[in-house]
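Here's a quick tour of a protein fold, written for someone who likes to know the cut-offs. Have the viewer open and follow along.

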Amino acid sequence: MIHAMHPRAYALPLLLTAALTGCAGPAGQAPGSAGSPPPGSTPWLVSGAPSPALPSSAPSPGGLAAPLTEGTVSGTFLPFPRSARAVTYDPKVVPPGATAELTVSRTAAGTTVRLTTRGLVPRRAYGAHLHTRPCTATPEDAGPHYQHRPDPKAAASPPSVDPAYANPRNEVWLDFTADTRGAASVSATQNWTFDEVEPPRSLIVHAEHTRTAAGKAGTAGPRVACLTLATR
């Protein structure tokens with residue numbers, strides 16, 4: 001289940017660890033409640049925090065390293081610019097304090113990706129996919145889903161919504177529903193590996209489970225958090 005440019009197999013044992021931030025709202029509460037901007041607009045900032053000085057396309061302070069191909073990434077999801085690598089766009093859906101661990105490893109069959117979360121909104125449904133570009137202050141900058149076999153008719157905007165390409169066999173989908181403690185664990189196994197030149201660059205957490213119908217395939221509501229998959 002992944003969004004890419006060119007299908008190429010290559011060795012990829014990889015381990016990613018991240019901290020998502022907190023929990024909010026009653027179970028099943030829709031994002032964008034009063035007091036916070038809707039997901040996809042200017043990221044929510046902690047009260048009193050200044051507006052970001054960096055443009056939405058700017059890299060994190062110090063610059064982003066090359067895409068992670070093996071090893072471990074860890075971070076805490078915070079509003080931009082407090083964090084430019086792990087960003088929460090809607091703290092009512094992914095608030096400070098929650099954690100996530102993403103493990104990607106090569107198997108004899110291809111690639112296995114496992115996501116474990118804690119501290120999210122209890123009993124709430126989430127979508128999660130690997131995307132083609134790193135995180136910035138703007139959710140859409142992470143690009144479309146990483147695809148093993150790219151949809152030739154799709155563009156970065158609008159992305160692929162053809163179920164022949166936007167499906168859990170050609171992309172990495174990690175949908176889950178948090179339990180009563182806000183925890184969940186989900187995995188996906190593919191019979192292919194990431195492209196060597198253009199591997200996935202981020203994990204996006206969405207506000208809803210992923211749809212599968214033609215014209216809506218791969219959509220999962222607003223982008224509520226993002227983790228850049230980089231070596232530092």
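## Ground rules

This is a predicted model, so to speak: local features need pLDDT of at least 70, side-chain atom pairs count only at pLDDT 80 or more, and totals for chains, interfaces and linings use all residues. Residues are numbered from 1 along each chain as its sequence is written, and side-chain values use heavy atoms, with hydrogens and water left out.

## Overall make-up

The protein chain has nine strands and zero helices. Both element types are DSSP runs numbered from the N terminus, with helices being H or I of at least four residues and strands being E of at least two. Read from the N terminus, the order is simply β-β-β-β-β-β-β-β-β.

Of the 232 residues, 49% are buried (buried is under 20% relative accessible area, exposed is over 50%, partly exposed is in between, with a 1.4 Å probe and protein chains only). The accessible surface is about 9800 Å², and carbon and sulfur atoms account for 55% of that (Shrake-Rupley method, 1.4 Å probe; for residues, only the protein chains shown count as cover). Take the contacts between residues at least 6 apart in sequence: 77% of them join residues at least 24 apart (a contact means heavy atoms within 4.5 Å).

## The five-stranded sheet

Five strands make an open sheet in the order β2-β9-β8-β5-β6, with antiparallel pairing (two strands pair if DSSP finds at least two bridges between them). β2 and β6 sit at the edges with a single partner strand each, so one side of each has no neighbour in the sheet.

β9 is worth a click. Six of its six residues are buried, so β9 is largely enclosed by the rest of the structure. Three bridges tie β9 to β2 (residues 86-88), with A86 standing opposite L227. Five bridges join β9 to β8; here V205 faces A225, and H206 has R223 as its bridge partner.

## Two nonpolar cores

The largest nonpolar core holds 33 residues, and L102, L115, Y126 and L174 have the most contacts inside it (such a core is a set of buried Ala, Val, Leu, Ile, Met, Phe, Trp, Tyr and Cys residues joined through side-chain atoms within 4.5 Å). At least two residues of this core come from each of β3 (99-106), β4 (111-118), β5 (125-131), β7 (184-190), β8 (202-206) and β9 (223-228).

What does L174 touch, leaving aside its neighbours within four places in sequence? The list is L102, V113, L115, A128, V186, S187, A188 and L203. There's also a second, separate core of nine residues, including F80, V87, A137 and I204.

## The disulfide

There is one disulfide in the structure (a pair of cysteine sulfur atoms within 2.5 Å). It joins C135 to C226, with S to S at 2.0 Å. The link is left-handed, at -85 degrees about the S-S bond. C135 lies in the loop between β5 and β6 (176-177) and C226 in strand β9, so to speak distant parts of the chain, 91 residues apart. Both cysteines, C135 and C226, are buried.

Most residues other than glycine have a negative phi, and most peptide bonds are trans. F80 and P81 are joined by a cis peptide bond, with omega about 10 degrees; P81 is in the loop between β1 (14-18) and β2. R123, in the loop between β4 and β5, has a positive phi near 60 degrees. R123 is exposed, with a relative accessible area of 56%.
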